[in-house]
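Subject: Structure handover

Hi,

My notes on what turned up follow below.

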Amino acid sequence: MPLRLLPSALVDRIAAGEVVERPAAALKEIVENAIDAGARRIEIVIDGGGRRLLRVTDDGAGMDADELALAVERHATSKLDDEDLLAIATLGFRGEALASIGAVARLSIASRPAGNGEAYEIRVEGGVKTPVRPAALGPGTRVEVRDLFFATPARLKFLKSERAETMAAVDAVRRLALARPDIGFTLVTDDKVPATWPARGPDAAGRRARIADVLGHEVARNALDIEGLREGARLTGLAGLPTYSKANSLSQYLFVNGRPVRDKVLIGAIRAAYSDLLPSDRHPVTVLFLDLDPREVDVNVHPAKTELRFRDPGLIRALIVRTLTDALTAGVPRTASTGAD
Ligand code: ADP
Ligand code: MG
């Protein structure tokens, strides 16, 4: 075959595989956008495992007609203006999510800028755009994704059961809701009774209330407040009692500078802190918020932005191990009994 540049629609589809590997990943990106837009309320609908429908409605800053047209282009972002990849304050910054979703699904975005702007709508289906046209909508943005991966049938084969995909999508929303107790969330899955998590205060009490809303009062009751500081890095949140452990590590909720993450350094440090308190097949419930100078951590490691690289992993590990160990030894007797599931 001759050497050639790939057509942009194909490039988009290839890139889309990295950003949106499953419905949960698409939903995470869209809800992140709502948060970045300064939404106070976010309403989420997940239908048919998120494959049939994902819909996110927010009351954030919105977009005008020109911005709407740009939003679905690849590498179009309003969030990276000083070209400093090490000082990222928003959840998004790569300008890839909407273009990727539009490449593999039927995407429609309706938006109206806060203030007295007018509402417009744009559609992208399998990478094919229809021009922006007027729509009816209050201030904010409504993003609708239907028939995810209809344009890449091979990807469909990798999806799990509808139930598993729904659970993963709900999990993604939970993590973002834990990160932002100050935003009100409503979550509707498959016409079931909606979960509503009202906006809470931005302080520790608000955070605890949100944890109880999202994860249940059991979790909040069986956990200790923690707080630790080391060279400008701050760790806060809840550490579950060893008597309330789980059979898997899914209940470890980790946030770095407000971003939900999965990170080996953090997970390893938690394991070390509980190593004397729990058998190796049991996992604690933890909701940990690590805040540090954005220059100390690189979030641009993977398109999904859930992996990170710390400049000084040893420092982070020491902070976590020390803070958790102190809280756990002060707060509970040293037993290794297990509870919960
Ligand atoms: P990124 O979030 O990395 O910038 P996206 O593809 O997710 O890239 O979004 C592209 C752009 O579209 C954003 O930078 C933002 O300007 C705009 N946008 C997307 N979603 C919203 C929303 N819910 N409200 C307002 N603007 C949005
Ligand atoms: Mg984004």
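To begin with the ligand: how do the residues of the shell around ligand 1 divide into nonpolar, polar and charged? There are 10 nonpolar, 8 polar and 5 charged residues in that shell. Please keep in mind that this is a predicted model.

In total, 23 residues surround ligand 1, and the closest are Asn33, Ala37, Ala71, Thr77 and Gly92. Two helices, α2 (23–36) and α4 (97–104), are the elements that give two or more residues to the shell. Both of these helices come back below.

**The eight-stranded sheet**

One open sheet has 8 strands, in the order β5-β4-β3-β6-β2-β1-β7-β8, and its pairing is mixed. At its edges are β5 (128–134) and β8 (195–197), each of which pairs on one side only. From one strand to the next, the twist averages 10 degrees.

At the β5 end, strand β4 (residues 120–125) pairs with β5 in the antiparallel sense, over 5 bridges.

**Helix packing**

Helix α6 also packs against α2, at an angle of about 25 degrees and with the axes 8 Å apart. Because angles under 35 degrees count as roughly parallel, α2 is roughly parallel to α6. The crossing of α2 past α6 is right-handed. On the α2 side, the contact is made by Pro23, Ala24, Leu27, Lys28, Val31, Glu32 and Ile35, and on the α6 side by Glu165, Ala168, Ala169, Asp171, Ala172, Val173 and Leu176. By class, those residues divide into 10 nonpolar, no polar and 4 charged.

What about α6 and helix α7 (residues 204–215): how closely do their axes come, and at what angle do they cross? The axes come within 9 Å and cross at roughly 165 degrees, which makes α6 roughly antiparallel to α7. Here too, α6 passes α7 in a right-handed crossing. Arg174, Ala177 and Leu178 of α6 meet Arg210, Ile211 and Val214 of α7, a contact with 4 nonpolar, no polar and 2 charged residues.

From α1, the contact takes in Ala9, Asp12, Arg13, Ala15, Ala16 and Val19, while α4 brings Ala97, Ala99, Ser100, Ala103 and Val104. That contact has 8 nonpolar, 1 polar and 2 charged residues.

**The five-stranded sheet**

There is also an open sheet of 5 strands, ordered β9-β10-β13-β11-β12, again with mixed pairing. Its edges are β9 (223–230) and β12 (259–261); each has a single partner strand, so one side of each is left without a neighbour in the sheet. Ignoring direction, neighbouring strands are turned by 20 degrees against each other on average.

Inside this sheet, strand β11 (residues 252–256) and strand β13 (residues 286–291) run parallel and are joined by 5 bridges. Leucine 254 has leucine 288 in β13 as its bridge partner.

Happy browsing, and do write back with any questions.

Best wishes

Key. Residues are numbered from 1 along each chain as its sequence is written. Chains are lettered from A and ligands numbered from 1 in the order in which they are written. This is a predicted model: local features need pLDDT of at least 70, side-chain atom pairs count only at pLDDT 80 or more; totals for chains, interfaces and linings use all residues. Two strands pair if DSSP finds at least two bridges between them. Helices (H or I, at least four residues) and strands (E, at least two) are DSSP runs, numbered from the N terminus. Axes are lines fitted to C-alpha atoms, for helices over the stretch in contact, and angles run from 0 to 180 degrees between N-to-C directions. A residue is near a molecule or strand if its C-beta atom, placed from the backbone, lies within 6 Å of it. Ala, Val, Leu, Ile, Met, Phe, Trp, Tyr, Cys and Pro count as nonpolar, Asp, Glu, Lys and Arg as charged, and the others, Gly among them, as polar. Angles under 35 degrees count as roughly parallel, over 145 as roughly antiparallel, 65 to 115 as roughly perpendicular and the rest as oblique. A crossing is left-handed if the near helix is turned anticlockwise from the far one by less than a right angle, and right-handed if clockwise. Two residues are in contact if their C-beta atoms, placed from the backbone, lie within 7 Å.
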